[in-house]
Number of protein chains: 2
Amino acid sequence: MIDVARVAGVSRVTVSRAISHPELVSPPTLARVHAAIEQLGYVPNLNAGSLATRRSRIVGAIVPTLSNAWFADTLDGLGEILEAGGYQLLLGQSRYGEAAEEALVDTFIGRQVDGLVLTGVEHGAAVRRKLRAFGRPVVETWDLTDDPIDMVAGFSNEDAGAAVARHLAQRGYRHLGFLGANERRAGKRLAGFRREAARLGLPGIEAEVVAPPSSIEDGVRMMRALVARASSLQAVYCSNDTLGVGALLACRQQGWAVPRRMAVVGFSDLAIASASQPALSSVRVQAREMGRQAGRMLLARLVGGASVLPRVADLGFSVVARESS
Amino acid sequence: MIDVARVAGVSRVTVSRAISHPELVSPPTLARVHAAIEQLGYVPNLNAGSLATRRSRIVGAIVPTLSNAWFADTLDGLGEILEAGGYQLLLGQSRYGEAAEEALVDTFIGRQVDGLVLTGVEHGAAVRRKLRAFGRPVVETWDLTDDPIDMVAGFSNEDAGAAVARHLAQRGYRHLGFLGANERRAGKRLAGFRREAARLGLPGIEAEVVAPPSSIEDGVRMMRALVARASSLQAVYCSNDTLGVGALLACRQQGWAVPRRMAVVGFSDLAIASASQPALSSVRVQAREMGRQAGRMLLARLVGGASVLPRVADLGFSVVARESS
DNA sequence: CTGAAAGCGCTAACAA
DNA sequence: TTGTTAGCGCTTTCAG
């Protein structure tokens, strides 16, 4: 910057202003500074700027994993909005681990991110405390809660589970089962599924769980294990579409007609759900829109702006009935 | 940090050392410092550290989009390796735009990222110049070139296209078509496909292209357009599986038997390829492994270490023949 | 509209 | 092993 100042024949401050507050610099001076910047190929050190301003123009985002298309979609939507506001995304993968999440929160705070997006609403006590003390905007996604750290953009996983139970009950299935990942939000979907089945007077629900991330093979194996335990099973709800496709595959291998002998419902409505044979019923969630909404909520607080957004946004979900149920 | 120093009864440097170089601090002092850190809930400002050390412990990554599972997988693999080395990922989406890519490169340089991962090997001249001048490790992915900016971890898109042509020719298909995204790497696959078809003496190839990102609907529409133009078509190669699934759908709607009346081959072997009906032949690429390899190449340069990795890593690809061809 | 002075929070020499 | 002295490169008062 000193070099630029010398070449332009001005002081360092003026160069700084020409970059950050061009309206405070006279047009001729501005032109000279720009020329010097161009000539020297000068690129300002944003870290130094962040240190001085305490604003990094970076938003941190923590997802369990990128290899699930749905989280990637949320990030895509988030990035889309943030880019437009001049912010960038610093990424962290928690791999579904609470300790990893806390470590990520620490480094994000250390890097002075201007805002943070988390997946889910269940976090360690330390995470909640630190983030509240941090005092910068935080959006939790992919779930809902009465007591957010700050803001939420998601949907009710319990309600989604309950909706599937109603959907299956309506179609006459009574003996329901569940295949799911051993993970917080999948657990909530199971809880809602159980609660609603009980309310409707259906028999108790047999469940199989597996450590995330789930694979199609997991689905095949769990489906077999489940029917071995509960041969009267008529329908199974899977906490994600990958397991759902696995369950369909297991049915095909056993020669069971879907949905007559066994109905299957997945979750999150990936492309694979509509492409599979028979097409897999699923629960559609607004993955990308959740990211967008989170981005808007952050920007509203970051750049101020007129619009005051509510702290809680429920993006909802919908049961998509296809051939498998 | 001053507060921590006072509480622990030491100087600021000692606190700094206790955090960054604990082996240089005596155990009792270290304990006092840690106690003070704990008590005050102190979180070091990493930006200040970066400013002083000129190392940010951040790697920038630019992908066209996150909403394609394959790039997300590459990032996942990259993140996996970098996390283990104590680095974090700063993300940028170019949306297949060269200007956007250059802007991202600028801010990444400005943020002093320690390394950079790009998608593809075709970049603006300014990007190449700036990155070479930057002097920090850069890995290009998802393609190969003789003249990398620095390092490459990818595969040959041209060879992949050629391999599909051979695969189809071997099975007796002669009139070949192509559906693809209007994008650099898809273009190379088409070029290889064309070249090989010509070499094998097959008729010229009809192609349809569409702006990325591709959708299943794009595939349906393009497939129809293609056969409207070239009714003798026997097989079609799609530059990604999404288009491939769309092509299959179009065939079903027309009542064409696949692969008898029309063979279809996709690209990148997403889960959707094996789940679709009939199962879609595809070209498998090592998306995650490309990310891992890029991560290893970066770390090898960043932390030094014994192993010297080659500048170019060809991860290859393989044609996966399924029911559709 | 421009410049001088002071400081953001940390770390790398060097010395003790 | 610990502390002292100088910055890292930028931005913000406050004067001029």
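## Interface of chain A and chain B

Chain A and chain B together bury about 3,600 Å², and 54% of that area lies on carbon and sulfur atoms. On the chain A side, the residues that lose the most area to chain B are Asn47(A), Gln88(A) and Arg111(A), which together account for 19% of what that side buries. The model is predicted.

Each chain brings 43 residues to the contact: 43 residues from chain A and 43 residues from chain B. Polar contacts across the interface join 22 residue pairs, both residues being at pLDDT 80 or more. The elements of chain A tabulated here each supply at least two residues of the side that touches chain B.

| Element of chain A | Residues |
|---|---|
| Helix 4 | 46–53 |
| Helix 5 | 69–84 |
| Strand 2 | 88–93 |
| Helix 6 | 98–110 |
| Helix 11 | 241–254 |
| Helix 12 | 271–275 |

Helix 5 of chain A gives the largest share of this side, 7 residues. Sorted by class, the side of chain A that touches chain B consists of 19 nonpolar, 14 polar and 10 charged residues.

Salt bridges between chain A and chain B number 4. In one salt bridge, Arg95(A) is joined to Glu83(B), with 3.7 Å between the closest N and O atoms.

The two chains also meet through strands. Strand 2 of chain A pairs with strand 2 of chain B (residues 88–93) in the antiparallel sense, over 3 bridges. Opposite Leu91(A) stands Leu89(B), a residue in strand 2 of chain B.

Notes: Residues are numbered from 1 along each chain as its sequence is written. Chains are lettered from A and ligands numbered from 1 in the order in which they are written. This is a predicted model: local features need pLDDT of at least 70, side-chain atom pairs count only at pLDDT 80 or more; totals for chains, interfaces and linings use all residues. Side-chain values use heavy atoms; hydrogens and water are left out. Contact means heavy atoms within 4.5 Å. Buried area is the accessible area (1.4 Å probe) that two parts lose on being put together, summed over both. A salt bridge is a side-chain nitrogen of Lys or Arg within 4 Å of a carboxyl oxygen of Asp or Glu. A polar contact is a pair of N or O atoms within 3.5 Å; within protein, one must be able to donate a hydrogen and the other to accept it, and residues adjacent in sequence count only if both atoms are side-chain atoms. Helices (H or I, at least four residues) and strands (E, at least two) are DSSP runs, numbered from the N terminus. Ala, Val, Leu, Ile, Met, Phe, Trp, Tyr, Cys and Pro count as nonpolar, Asp, Glu, Lys and Arg as charged, and the others, Gly among them, as polar. Two strands pair if DSSP finds at least two bridges between them.
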